[in-house]
Amino acid sequence: MTVRSRILVLLSAVVVLAAVALAAVLHASARAERRDQAQAGGPRVTSGEVSLTESGRMVFRNMAWGPHRDEVTTVPASDPSGPRTASGVECLRFYAASGTGVCLQAVHGALSDTYRALILDAHLKTTAHYDVPGIPSRARVSPTGHYAAWTAFVGGDSYAGTNFSTRTAIVDVGTGELIPSLEAFRIVEDGHVHRSADVNFWGVTFAADDRTFYATLATKGKTYLVRGDLRTRTVTTLHTNVECPSLSPDGTRIAYKKRVKGLSKDAPWRLYVLDLRTMRETPLAERRSVDDQAVWRDADTIVYALPGDYGADLYETAANGTGKPRRISTAAVSPTFLGLSARNSSDS
Amino acid sequence: MYVADSRANSPALDNAPAGEPSPASANGAVRLPAGRRRAAVAPTVLALGTVSLVTDVSSEMVTAVLPLYLVAGLGLSPLGFGLLDGIYNGFSALVRLAGGHLADRGGGRHKWVAGLGYGISAVCKPLLLLAHSLTPIGLILAADRTGKGLRTAPRDALISLSSTPETRGRAFGVHRAMDTAGALLGPLVAFLILRATVDGYDAVFTVSFCVAVAGVLVLVLFVPGGGQRAADAAPRERPTVRAALGLLRRRDLRRITVCALLLGLATVSDSFIYLLLQRRLGVPDRWFALLPLGTAAAFLLLAMPLGRLADRVGRRRVFLAGHGCLFVTYLLLLTSWHGSALPYAVLALHGAFYAATDGVLMAAASDGVPEELRSSGLAVVQTGQALARFACSLGFGAAWTLWGDRTALTAATVALAACAAFSFTLRPTRESAP
C-alpha cells in the first residue's frame, strides 16, 4: 500500500469512527430533554416551601422525571405516594433530623465534577459546606441535629484501577469541627488495638447522646459493626457481617444489610435487624437484595430503597421480620421521616 | 500522523542514508552517519507513540468514569472489586512472558502480537455496554489488562528495534511522553462527554471504542511488520522458551534484571505514595484525585529530556539517579517539614523517577538482548520488575498494618538505599553510552 492510500484508509476510518462516536454522544444527550419532562401517570410535583421541622412528613430526593428531578422533596408521611412539594435544592443523598439537614451534591466544575456536603438549616439554607473526596454514598444526621456524617467512594487511580475505598467523615454542626476520616480513630477489636492500611468505614448512624455512633468497619475482607465514641475517638467491634447500620429510634436495635452466603455477587445482601442487648439477628421479610442504609419510619417499621424504573422506589417492611414488604413510593430515594427524633431532641 | 507516515515510507527524504534499511523497519537499527547526532526520532517510534497516545485516551476515559458508572450508573458497590488483583498480577506476568515469546517466534511478529493486544483491549470497550453486574465487568477489565500485558513487550521491542542503540533512550522517552499525554487527555475527554449528556456512560464507552479502533488502525497501517529477517545470514538463536530463559545467562541482561528486581522490591506503589502524601502532609480531599495528574505531568515533561540524558551519560546512571529521586521522595514524606511547596516537590520527584526509569530501563535492557529475542528479553525484565513491585506492595501493606505508615516508609527508604547501593556495584561489562 502506498503512503497515500494508507492515509486515505485511515482518514476514511476516522470519519466513520467519528460519526459513530458523535451519534453516541447525541443519543445520550437527547436523554437530557426527555428527563426534563414529567411523564404521564407519574407523581404530581410542585415547587414550594420545605421545612425540616414540620412533623409527620417524609423528605426525600425526588427521582421522578420533570423539572424537579433530584430535588429535596416532601410528602405527608401518612400518604407517601401523594402530591410532592419540591424545594429547589438538588442533592444526590439527603438526610435530616431536628431541623438540621445534610445534602451531598455534585459541583460541576470546568475540568471535572467534584462533590460537597452542605449542612442545611430547617429552611434548607446552607450554613456550612465541606469537600467530599469521592462519589457520595451515605448521609446521616444525629437525632439531636448536632452531628452529621457522610460516606463517599474514593478510588480507581491506576490503570483499569479496581481498588476502591470509602471515606467517612463526621462534622460537629455547632462548631464546624470536621473529622475528615474515621480512619483516624483508634480501633479496638476483641480488646486489642487493630492497625491496618486497608481499613474502610461506611454508613454511620448516630445515637441520641451526641457521643455514640455505629458504623460499618471493613478490614481484610470482613465487615464489622462498630460502636464509636466521639469523645475518646475510638471504635469498638461488636458483631461481624454488618453493613450500613441504622439505629432504631429507641436505640436498642440496628437494621442493616447482611451479606448472605450463596447469593449472587451482585445482589448479596438481605435486610436484618440486630438486637443490641441480645445480639440476636432477625431476618426481615424482604427477599430481594437491598443495597441501602435503611431508615426507621417508627419503632416497628423499616423503610429502604430498591432499584426502580426511575432510579429507585421506596419500600417498607416490619422490623420484627413478619408481614410482607410494601412499596410506599415510586421514583424516590434517601428518605427521612421528620419528627421521629423529637422526643430525643434537646432544642428546636 | 502525517509526519510519522511520510517518514515511514520515504527514508530517502529522511535522515537515513540511502542504501540503509528503512528506519521504520523492525529489521534493524539505523546507523546514522557520523556527525549527525541530532537525528529525528524514527517514524516507527512516532507511530507507536501515536498508537499509545490514542489507546491511552481510550482506556483512561473508561478508567476515569468507571467508579461513577458502577456507583451512580449501575448502583453497584465497588468495594471488594480489587480482591482478585493479587491473583491477576500473577496471571498478568505469565501473559507478558507469553506475549514476548509469541512476538519473537516466526522471525519477529512483534507488530501482530502487539496488534492483538491492542485489539483485545479495543473489543472490551463495547462489551462494557452489555455488562451490568460486577462479575462480567470484572472479567472484561481482566481481558482489557490481558491485552495490555500482551502488547507491552512487543511494542517496546519494536521501539528498540527501530532506533539506533545511541538514540534508544530518547526514542523510549518520546514514546513514554506521548503515552502519558494520552493518559492525561483521556479523563478530560470522558468528562466532556459526561457533561454534554445525562448519564452518558454508554456514550463514553462507545467513543472509547472508536478511539481504540483508530489506535489499532494506526498500528496496522503505519507500523512496519517484521519477518524480513530471513535474508540475514548471521547465525541466529532460535526464539524458543528455553532460549528466552537462557537470556538470563547473559551477564548484562542478568545484571539489569537483578537491578530492576531489587529496586522494584523497594518501590512503593503509587496509591501508597498518594495516601502517604495526604496523611503526612494533609493534602485537602478535593485535591486527592488530582495527585496522579501531578506525577503524570512531571513524567510527560521529563521523559524525553531524561531519555536523551540517558543516551549521553549512560542509561544505568540515569536509571539509578531516578531511584535517587524516589529516595528523596520518601525522605520528603518522612520529614516533619510541612511547607506548601512540599506536595509539588514530591509529585515532581515522583514523576522524575518514572521519567528516569520507565523507558530508560527498556533502553538499557535492549542493549543486552539479541534482536531475535528482543520481545522475550524485555518481557523478562518487565515481569521481574512488576512482580518485585507487587511483592513490595504486599510487604509495605503488611508493614503499615504492623508498625504504622511512618515505620513502613522508613523501612522502604532503607531498603531502597541498600538496593541502590548494591545495584551500583553491579557494573555492566560496558556502559551503554558511547
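This is a predicted model: local features need pLDDT of at least 70, side-chain atom pairs count only at pLDDT 80 or more; totals for chains, interfaces and linings use all residues.
Local features are described where pLDDT is at least 70 and side-chain atom pairs only at pLDDT 80 or more, while totals for chains, interfaces and linings use all residues. Residues are numbered from 1 along each chain as its sequence is written, chains are lettered from A and ligands numbered from 1 in the order in which they are written, and side-chain values use heavy atoms, leaving out hydrogens and water.

**View 1. Chain A, a chain with one helix and 27 strands.**
Helices (H or I, at least four residues) and strands (E, at least two) are DSSP runs, numbered from the N terminus. The C-alpha trace of chain A spans about 80 × 50 × 45 Å along its principal axes. A compact globule of 348 residues would have a radius of gyration near 20 Å, and the 22 Å of chain A agrees with that; this radius is taken over C-alpha atoms, and the globule rule is 2.2 Å times the number of residues to the power 0.38. Of the 348 residues in chain A, 55% are buried, where buried means under 20% relative accessible area, exposed means over 50%, and partly exposed lies in between (1.4 Å probe, protein chains only). Among the contacts in chain A with a separation of 6 or more, 43% come from residues 24 or more positions apart; a contact means heavy atoms within 4.5 Å.

**View 2. Thr100(A) in strand β6 of chain A.**
Strand β6 covers residues 100-108. Is Thr100(A) buried or exposed? Thr100(A) is buried, with a relative accessible area of 10%. Setting aside neighbours within four places in sequence, its contacts include Leu52(A), Tyr95(A), Ile119(A) and Val173(A).

**View 3. Chain B, with 16 helices and zero strands.**
Buried residues make up 59% of the 434 residues here. For contacts in chain B between residues at least 6 apart in sequence, 82% join residues at least 24 apart. Chain B is divided into domain 1 (2-10 + 41-226) and domain 2 (241-425), with bounds that come from an automatic or database domain assignment. The C-alpha centres of these two domains lie 22 Å apart. Where the domains meet, 31 residues of domain 1 are in contact with 31 residues of domain 2.

**View 4. The largest nonpolar core and Leu333(B).**
A nonpolar core is a set of buried Ala, Val, Leu, Ile, Met, Phe, Trp, Tyr and Cys residues joined through side-chain atoms within 4.5 Å. This one has 85 residues, and those touching the most other members are Leu277(B), Tyr330(B), Leu333(B), Val381(B) and Phe396(B). Helix α14 (residues 342-367) of chain B gives the most to this core, with 15 residues. Domain 1 and domain 2 of chain B both give residues to this core, so it lies between them. Not counting residues up to four places away in sequence, Leu333(B) touches Ile273(B), Leu276(B), Leu277(B), Arg280(B), Leu281(B), Val346(B) and Leu409(B). Apart from this core lies another, of 68 residues, among them Leu17(A), Ala24(A), Val303(A) and Ile137(B).

**View 5. Helix α16 of chain B and its buried side.**
The 21 residues of α16(B), 405-425, should span 30 Å at 1.5 Å a residue, and the end C-alpha atoms are 30 Å apart, which agrees; the expected span is 1.5 Å times one less than the number of residues. Which residues of α16(B) are buried? They are Asp405(B), Ala408(B), Leu409(B), Ala412(B), Thr413(B), Leu416(B), Cys419(B) and Ser423(B). These cover an arc of only 140° around the axis, which puts them on the same side of α16(B); the arc is that of the directions from the helix axis to the C-beta atoms. An α-helix has 3.6 residues a turn, so residues three or four places apart point the same way. The buried residues of α16(B) pack against α9 (251-264), α10 (270-281), α13 (315-334) and α15 (374-403) of chain B. On the face turned away from the buried side sit the exposed residues Val414(B) and Thr425(B).

**View 6. Val223(B), in the loop between α7 and α8 of chain B.**
At 1% relative accessibility, Val223(B) counts as buried. Val223(B) and Lys111(B) are 112 residues apart along the chain, yet their C-alpha atoms are separated by 7.2 Å. Beyond neighbours within four places in sequence, Val223(B) is in contact with Thr44(B), Ala47(B), Leu48(B), Lys111(B), Leu158(B) and Val218(B). Helix α7(B) is mostly covered, with 16 of its 22 residues buried.
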